[in-house]
Amino acid sequence: RQGRGSVGWVAAAMVDPVAVEVFRAAQADPHNAACFDSGAACPTWASVSHGIFLSIGASGVHRSLGVKVSFVQSTTMDSWKPVHLKMMQLGGNKRFEDFLEEQGVPKDVPIRERYQTRAAQWYRE
């Protein structure tokens, strides 16, 4: 008989230990311990395109922007390709924030506009 507990065990068994370690290390940085867009604590989503951590609410906005603008994955439920993990290791909330600041993108720009800027496009490329 397979009960609810066995489903959780199967999901836990499928978690990539490399990904778990990458996200544990990244979120030890206080900048990555909060959603880049909303500031919500303990983000469990990420924009691979920008190397930033997101809350579930912000992840929905990013998904609506389309994968060419922001490719979003769960840090706890999705499988991660090595190249995407590397993008997260090389990125981070602070790095993206600093880049936008250097490019003159104000912090208070609405989310949809922020990721449509030329600066955000350069960062993705």
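Predicted model: local features only at pLDDT ≥ 70, side-chain atom pairs only at ≥ 80, totals over all residues.
Of the 125 residues of this chain, 37% count as buried, where buried means under 20% relative accessible area, exposed means over 50%, and partly exposed lies in between, with a 1.4 Å probe and protein chains only. Residues are numbered from 1 along each chain as its sequence is written, and side-chain values use heavy atoms, with hydrogens and water left out.

Let me start with the overall layout. If we take the contacts in the chain with a separation of 6 or more, residues 24 or more positions apart account for 54% of them, a contact being heavy atoms within 4.5 Å.

Now to the helix pair. Helix α2, residues 17–26, and helix α4, residues 82–90, have axes that come within 10 Å and cross at roughly 10°; the axes are lines fitted to C-alpha atoms, for helices over the stretch in contact, and the angles run from 0 to 180 degrees between N-to-C directions. The two helices, α2 and α4, are therefore roughly parallel to each other, a label for angles under 35 degrees, whereas over 145 is roughly antiparallel, 65 to 115 roughly perpendicular and the rest oblique. On the α2 side the contact is made by V18, A19, V22 and F23, and on the α4 side by L85, M88 and Q89.

What about the nonpolar cores, meaning sets of buried Ala, Val, Leu, Ile, Met, Phe, Trp, Tyr and Cys residues joined through side-chain atoms within 4.5 Å? The largest has 17 residues, of which F36, I52, L54, F96, L100 and Y115 touch the most other members. At least two residues of this core come from each of β2 (52–54), α3 (56–65), α5 (93–102) and α7 (118–124), and α5 gives the most, with three. Apart from it lies another core, of ten residues, among them F23, V48, W80 and M88.

At 3% relative accessibility S59 counts as buried, and its side chain reaches the backbone oxygen of I56 at 2.6 Å.

Two loop residues remain. T75 has its place in the loop between β3 (72–74) and α4, and it counts as buried at 12% relative accessibility. The C-alpha atoms of T75 and A46 are separated by 6.6 Å, although the two residues are 29 residues apart along the chain. Again not counting residues up to four places away in sequence, T75 touches F23, P43, T44, W45, A46, F53 and W80.

C42 is in the loop between α2 and β1 (45–47), and at 62% relative accessibility C42 counts as exposed. Its phi is positive, at about 55°, although C42 is not a glycine.

Key: Helix = DSSP H or I, 4+ residues; strand = E, 2+ residues; numbered from the N terminus. Polar contact = N/O pair within 3.5 Å; in protein donor to acceptor, adjacent residues only side chain to side chain.
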